[in-house]
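Please look over the chain shown here. What can be read from its fold, its sheets and its cores?

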Amino acid sequence: METGGSISIWDGDDMTMDMLTEAGDEDVDEEFQSGLNALLAVHAKKLLHYKRLLERTQAATAAQLHALQAEVRVLRERERQREENGTVASFTDNEDFCICGGRKRGGYWDGYRGDDADGGEGFDLIKALKRDANGEFNETEVRKAIRGLNRDERMRLIAIILDSCLPGDIRLQILLLEKYAKSTFDIIGNLAPDLAFKILKHLNITELLTVEPVSKKWQESVHLPTLWKYHCIRLTATDPIPLRAPPSPAGWYPLYRSLHHRETNFREALPQSIRFLNGHTNFCTTLLLRGKRLISGSYDETIRFWDIETGEMKKCLQVKKPVSCVDFLLEEEVFVVGFHDVGRVHLFSSVTFNPLQQLAGHLNGIRAVALSSKNLVSAGADKALVCWDWRAGTKIVRFGQQTTVNIGVQLISGGSSEEGERVVSVTIDGIVRVFSIGRREMISQFKLSELAGGDPTLSSKLFNVGKAPDNMLQWFAAHGTQMTCATKSVILHLQWTEAEDTMAAANGLPDSNDPSSPSALVSSPLSASTNRIRTASSLSRSGSFNTPRRSSLITSRTLVPSPRTPGTPISPNGHLSNSPGFTTRFGRAAILTAPPRLIAIVETPDVAVGAVDPRKRRVVTATRFSSRAGADRRIFMSTHREKYVAASEDGSDSGSEDVLPRRPVPRTVDLDTEITAISGAWSAIADGAIGAHDMKGLYGTVPAKFAGLATPEKNPMSMQLSHEEVVVGCADGTIYVMSFVGYDYLKQRRRSPEQNFAFDESASDA
């Protein structure tokens, strides 16, 4: 609108509210914009700070809640075990127990076992010498009265008798003494039960059964309950679960027979029963066994918790990623999970199953994890090792790329608190590296192919270890100072040198920390070491199942209570330690700057996966169940035993497993070729020819479309080995537990050539 030639600012639709400045319309006020950016940065920093503070508070609250719940669970578990299981069997030299069921005697005649059970207290010698109606005195009462005297009184009595003798009686006394000197006197048979036990406990089982028929007194001494209690505890000294005492002393002998049969089943590779655990739908890539609790991880993105005694699945945890490895800290009720294609690890509470930490530090998937009460170590597909403080969720140190991918890691406590824990890693090219977490550096590295020590025989067997493609390491297991590495054709048992070994070797003495040495059976205090069994992972295999596999370790271990840390629950199984008289120690003062000592080499078929019980040096391994015709689909077992010879003149060695060591052979590397294919319950349904539902020792639901265990669908992907069971995880997700306790399957005796000829003749006649 025009008024007097002027233009109105409210003219038409061109009305605008833009702020007019001296600058152009498209120019920005830089001073104003910089102020806004500074204010935005301050607010963003504050928001990030409060976000991190909230996350830490939430994590701390979850950790405290987990600790309280674990504490309550520990106390309830201990109370339940105290009520149900009774006392744990132990053995000490100063134990005041009854040897034969009678009451203990005191005095000088405590070590003598005569026809009478009582001493001479309360018997009068004068009354005992009085004649009865027949003119005779009671010899038994005279013996009791004389045994009631002290040593000086007996000597005075003998002197009085000799002084009172006539000259002719002296000659008679001399003839009587000569007769006693020439006669045979049963020393063992006339000893008190406690003294006889202290002598007979040094005999092995074969020798005990040999001397049993000598006399009735020897038979009574051999069947002393405490003697079989001693052998039961000795036989289970390396078991992770303490031995429970039978209801009565008479139960020790049957208990030993059961334990002996269990060890025989392992030696002969005879599983007695099989239990199927169904639930996973894809590759079962990892297993972890702690007592009777089994943790399994799979490519179906789940982690499942099982009770292998009942076959019940306790929990199924959805993690939304393919699982590659798991480790479990029993004392803290915490487990860590590594994923196949994600470079982070997750910590969960095994009480509430809530996540505690998420730690990201790798560029690719995780291949192995190791968890202790202080640290967490993860080995990734990016060839790096990352050490964490898992309680605080902070990264301690990252050890850069190794030559190749690690197949396993292990945590070993350092020699001092300042040094902290050390990490042992093994790569597929056969190189062992040791890192110090406290010093944040690598302290040593060794090649397995160079451990022959100049021996041409060993050099020929170790020359190709770690070389691609057929001799790369397949799996790894470790516990304390003991390690086991395996390729497709050879298994290496290694042990780190310990500080006590140097003096023992200099004096020609056996290693006191060797579980199979004689000194390992001598009473000694428990080691303060808190080394744990570490998990390990295998690599991808070529073939129809090109999947990363994880090796397994012994399932169970000796639990040594450690000092409590703030916010840390007491171990629910803190009392599960070996008996004081039979302590087996691992990882004490290990010298990791020197190469490990090669203990034994076990030659195997073309195996792909396996597991180890380091305490017993028992190995279970399996070939790859290929789909090609004629493929070798078997599972093998091997137990390495130190070579000892008896202290006999001919130096012959007894072949019994229950033989107590006498004299160790000088330390050499054992070349074991004894490896036994599993039979028993496994072979009964290996090919599916026998009706599985009618089989002895079969528990659990048979998988759908079951065609046998020796099939490509049941290809072992992961394995676990304990003192009683072997657990196998298959390619189709099936898990089966083989128990070696029982009597259903026995070893078939081999016929002699004459027996075979007679059998063939009878068969032809029929």
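## Overall make-up

The model is predicted. The protein chain holds 14 helices and 36 strands. Of its 766 residues, 47% are buried.

Contacts across the sequence are well represented. Among contacts in the protein chain with a separation of 6 or more, 60% join residues 24 or more positions apart. The accessible surface is about 39200 Å². Carbon and sulfur atoms account for 54% of that surface.

Strands of a sheet pair through backbone hydrogen bonds, in either a parallel or an antiparallel way. Here β16 and β17 (residues 422–427) are joined antiparallel over six bridges. Val 409 faces Ser 425 of β17 across the pairing. Gln 410 likewise stands opposite Val 424 of β17. On to the next strand: β17 and β18 (residues 431–436) pair antiparallel over five bridges. Ser 425 stands opposite Arg 433 in β18.

Is β17 mostly covered or mostly open? It is mostly covered: six of its six residues are buried. In a regular strand, side chains alternate between the two faces of the sheet. In β17, one side carries Arg 422, Val 424 and Val 426, and the other carries Val 423, Ser 425 and Thr 427. Both faces are covered.

β17 and β18 form a hairpin with three residues between the strands. Gly 430 takes a positive phi there, near 80°.

## The nonpolar cores

In soluble globular proteins, nonpolar side chains tend to be buried together. The largest nonpolar core in this model has 32 residues. Which members touch the most others? They are Ile 635, Trp 682, Val 726 and Tyr 736. Several elements each supply at least two residues of this core, including β3 (273–277), β28 (635–639), α13 (680–684), β35 (725–730) and β36 (735–739). Others among them are β26 (607–613), β27 (618–623) and β34 (716–721).

Trp 682 shows how far these contacts reach along the sequence. Leaving aside neighbours within four places, Trp 682 is in contact with Pro 271, Ile 274, Phe 625, Arg 633, Arg 634, Ile 635, Leu 709, Ala 710, Tyr 736 and Met 738. A second core is separate and has 28 residues. Phe 446, Leu 451, Met 472 and Leu 494 are included in this second core.

## A buried glutamine

Gln 474 sits in the loop between α11 (456–462) and β20 (475–479). Is Gln 474 buried or exposed? Gln 474 counts as buried because its relative accessibility is 6%, and the cut-off for buried is under 20%. A polar atom of the Gln 474 side chain lies 3.2 Å from the backbone oxygen of Met 472. Met 472 is itself one of the residues of the second core.

## Helix α3

Helix α3 covers residues 139–147. Val 142, Lys 144, Ala 145 and Arg 147 are its buried residues. Their cover includes α2 (125–128).

Terms used:
Residues are numbered from 1 along each chain as its sequence is written. This is a predicted model: local features need pLDDT of at least 70, side-chain atom pairs count only at pLDDT 80 or more; totals for chains, interfaces and linings use all residues. Side-chain values use heavy atoms; hydrogens and water are left out. A nonpolar core is a set of buried Ala, Val, Leu, Ile, Met, Phe, Trp, Tyr and Cys residues joined through side-chain atoms within 4.5 Å. Buried means under 20% relative accessible area, exposed over 50%, partly exposed in between (1.4 Å probe, protein chains only). Helices (H or I, at least four residues) and strands (E, at least two) are DSSP runs, numbered from the N terminus. Contact means heavy atoms within 4.5 Å. A polar contact is a pair of N or O atoms within 3.5 Å; within protein, one must be able to donate a hydrogen and the other to accept it, and residues adjacent in sequence count only if both atoms are side-chain atoms. Accessible areas come from the Shrake-Rupley method with a 1.4 Å probe; for residues, only the protein chains shown count as cover. Two strands pair if DSSP finds at least two bridges between them.
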